[in-house]
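Biologist: Hello! Could you walk me through this model, one question at a time?

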Amino acid sequence: MPPILMVDLMTTSQPLLSVKNLKTYFALDDGVVKAVDGVSFDIHAGRTLGIVGESGCGKSITARTILGIVDRPGRIEGGEIWLTRQAEDGTPYQTDLLTLPLEGSEMRAIRGKEIALVFQEPMASFSHYYTVGNQIMESILLHTALGEEGARQRAIDLLGMVGVPKPERRIDDYPFQLSGGLRQRVMIAMALACDPHVLIADEPTTALDVTTQAQVLNLLQTIQKERALSVILITHDMGVIAEMADDVVVMYLGRAVERGPVDAIFYDPKHPYTKALLRSIPSITAKPRTKLATLEGSIPHPFARPKGCPFHPRCAEAIKGVCDRYEPVPIAQGEGRDVSCFLYGGQP
Ligand code: SF4
């Protein structure tokens, strides 16, 4: 029996999902890649948490770790993932997902029913051999008491809700018959099939053109508000974070380097990496032909993680003899935010 901690019914400030010191490593022939290395964050009911950073910083592996679907040779090395749930009598309780067997019935029930995932590229996630209706219905039949007919009707309703035109006809289409935008809408419908409390959207619009991106983000925002969903939105795009998120975690090389409410971080970014990401957002007030700021250098090779602060080779504000020797830890900055950078304290 996994450890279960009963929480006070009246505790409204309880996070719906609380990730603590999460570590996911990949043991490869050439060494160990610490893809997620001590990441912590909370997400509260009805809020959107944006996880942002360049590709290779550990965002997607964080999402996959929460759902227990890390591909081999990845291993969850440590941490806790507390999910607040509801017993049949309505009593809330918490379960640490990392104590559940990954392929056990409880974890399988949590995937899809309590936490659902929208992938970056739906074509890679759908089966080519089944209609989209069959794929949505599969999840409904697995997680609910509905029969075939009820599940089909629910799938049609979901497709209509996410803006698929003529859903009673499109339900019998195969994924390859749909445009990229429609496929992403179907993927969202599939994720919502069992009324999850937490929706993880991993770069949900990266593969789409700009107009369709805006439509899908609008759809996610509407659904999030209507259903008071908690959304974890993973993106490399600070512009998307500005539009969608309430809170932000900025990740770099497997670490959360800055965390806090979106307004505080956008108006007063502290970590040099956050500042660089913000400078790379296109501005409509910039003079014509102004070059977009780009981040100097690139993310180091995973086996060549720099000693000290992992960002120091790219950091214009690095303190010689400190940043290249010691690793900063999170320093509280008030307003529920913290930053891991020696410019804000913690120098040895
Ligand atoms: Fe830059 Fe040093 Fe801060 Fe790292 S700790 S971000 S190198 S100033």
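Biologist: What should the 12 residues of helix H4 span, and how far apart are its end C-alpha atoms?

Modeller: This is a predicted model, where local features need pLDDT of at least 70, side-chain atom pairs count only at pLDDT 80 or more, and totals for chains, interfaces and linings use all residues. Residues are numbered from 1 along each chain as its sequence is written, and side-chain values use heavy atoms, leaving out hydrogens and water. Helices (H or I, at least four residues) and strands (E, at least two) are DSSP runs numbered from the N terminus. The expected span is 1.5 Å times one less than the number of residues, so H4 (residues 132-143) should span 16 Å, in agreement with its end C-alpha atoms, which are 17 Å apart.

Biologist: Is Arg85 buried or exposed?

Modeller: Happy to say! Arg85 is found in strand S5 (residues 74-86). Buried means under 20% relative accessible area, exposed over 50% and partly exposed in between (1.4 Å probe, protein chains only). Arg85 has 8%, so the residue is buried.

Biologist: Which side chain makes a polar contact of 2.7 Å with the side chain of Arg85?

Modeller: A polar contact is a pair of N or O atoms within 3.5 Å; within protein, one must be able to donate a hydrogen and the other to accept it, and residues adjacent in sequence count only if both atoms are side-chain atoms. Arg85 and Glu114 are joined through their side chains at 3.0 Å. The 2.7 Å partner of Arg85 is Glu106.

Biologist: Where is Pro73?

Modeller: A cis peptide bond joins Arg72 and Pro73, with omega about 5°. Pro73 sits in the loop between helix H1 (59-67) and S5.
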